[in-house]
Amino acid sequence: MADTIVTYDQFSSSSLNPARIICHVCQKQFSQYTCPRCNSRYCSLQCYKSHSLRCTESFMQENVVQELQQMQPDEQTKHKMLDILKRFHSEEEMDSMDEDSSADSTLSEETLEKVLSGQEISFDDLSLEEKKQFHRAIAYGELSKMIKPWDPWWSKPSARKIRLSREGTQLVQPLSEQELPEDESSDIPRGPEIRLPPLSRLSLKEPSPLLTVHLVDILYSYCFTLRLYNGDWKSDALGSVMVVLSVSSVLGQGGQPETTLESLSHCLEQICSPAYRHMGGLQFGLSVVDDVISLLALGSSALVCALCDMHRLIQEGGKEAKSENRRKMRRNEIRSTIKLAERKIYFIMCWVHEQPEEAWSSLAAIVIAEKASIMESQRSNKAENLNNKTATKGKCIIEEIQ
């Protein structure tokens with residue numbers, strides 16, 4: 001017996017149980033879902049987005065309010081952030097003490113001229129004193145000042161015009177002759193070359209509600225890595241992958257952060273570690289949070305392009321890891337971690353593609369609020385340190401014994 005097909009209007013006045021309901025929005029496909037707010041039947045994400053702006057906006061608004069209400073960090077997270085801030089300030093004081101010793105940590109003018117003129121100079125060509133100066137220059141970041149700062153692709157006007165197809169693939173956009181000489185869009189990473197599969201094909205389980213938090217962690221590691229390599233991760237794909245894995249708890253350690261603050265705290269802790277201190281410590285780490293906010297503000301298409309670029313980065317790093325001459329056990333461990341990170345990024349890229357645009361402005365607002373909270377903690381910590389120093393100065397260290 002054939003199924004009965006019922007339109008939405010007929011369904012409202014009918015009680016037939018075996019009837020298959022036509023989508024209220026497109027009136028073409030069978031409906032599979034019901035809006036929890038207005039009980040409208042719809043068949044797909046696209047129809048849900050267009051069935052009622054009031055429903056989708058109020059849904060996202062409630063999500064943001066709920067997330068903001070739950071943003072109160074636990075004591076462990078608070079202590080962890082305070083430890084990061086205290087470590088940063090102690091390192092800041094050490095840097096100020098070492099400024100005089102680092103003043104002469106540059107190579108001789110003759111050697112620098114050879115390097116800038118394009119002549120090939122190996123480390124063995126340097127004198128003993130120059131080798132010492134070279135090591136000091138690396139430690140204090142002097143050589144990085146000679147490199148022209150990189151402008152992130154997500155900060156350029158052309159990034160606001162990124163558009164992908166409904167399947168998530170790159171659209172072909174012909175350029176006029178006037179746009180050809182200096183085309184900003186050439187800096188923007190390309191989107192997927194093949195259509196992105198629906199999440200239902202990748203996993204039988206419902207996506208975790210923590211994916212938004214994990215996305216912040218992944219985007220932070222991507223932005224930091226590009227900043228570290230001045231936008232050119234291809235110059236050292238394996239090195240870039242190792243940076244991503246060291247900064248991201250989700251990709252590198254299988255972490256499952258439950259709040260945005262927890263995710264950002266872990267990333268900032270890594271940035272303030274000795275391995276990356278030369279980048280600028282906490283202040284630079286907070287500026288990378290702004291990069292994440294900028295990417296979220298650009299919307300789904302830009303996020304998919306960023307994740308697609310990161311996916312290529314991980315793939316290229318995996319290829320280099322196979323040819324690396326490391327100890328077998330260590331090499332297999334790295335390759336396994338890279339492979340798992342590759343799958344995670346692809347899954348979250350497909351998930352991002354299916355989310356409504358309103359989700360990203362809401363997530364950006366949460367990240368902004370968390371950054372403000374971290375900065376407020378930083379100011380409070382500075383004031384506390386200053387008060388402690390003032391109190392110490394006022395104390396009598398040695399008392400005369402009567």
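This report describes salt bridges in a predicted model.

## Basis of the values

The model is predicted, and local features need pLDDT of at least 70, side-chain atom pairs count only at pLDDT 80 or more, and totals for chains, interfaces and linings use all residues. Residues are numbered from 1 along each chain as its sequence is written, and side-chain values use heavy atoms, with hydrogens and water left out.

## Salt bridges in the structure

Side chains of opposite charge can pair when their charged atoms come close. A salt bridge is a side-chain nitrogen of Lys or Arg within 4 Å of a carboxyl oxygen of Asp or Glu. Searching the whole structure gives six salt bridges.

## Asp187 and Lys156

In the salt bridge between Asp187 and Lys156, the closest N and O atoms are 2.4 Å apart. Both residues lie in the loop between helix H7 (128-139) and helix H8 (199-202), so the pair ties together parts that are 31 residues apart in sequence. Helices (H or I, at least four residues) are DSSP runs, numbered from the N terminus.

Lys156 is buried, at 17% relative accessible area, while Asp187 is partly exposed, at 39%. Buried means under 20% relative accessible area, exposed over 50%, and partly exposed in between (1.4 Å probe, protein chains only).

Asp291 forms a salt bridge with Arg227, with 3.0 Å between the closest N and O atoms. This pair links helix H13 (residues 281-298) to helix H9 (residues 211-228), 64 residues apart. Asp291 is buried at 6% relative accessibility; Arg227 is partly exposed at 26%.

Asp290 pairs with Lys371 in a salt bridge, the closest N and O atoms lying 2.7 Å apart. Asp290 is in helix H13 and Lys371 in helix H16 (residues 358-394), so parts 81 residues apart in sequence are tied together.

How values were computed. Helices (H or I, at least four residues) and strands (E, at least two) are DSSP runs, numbered from the N terminus.
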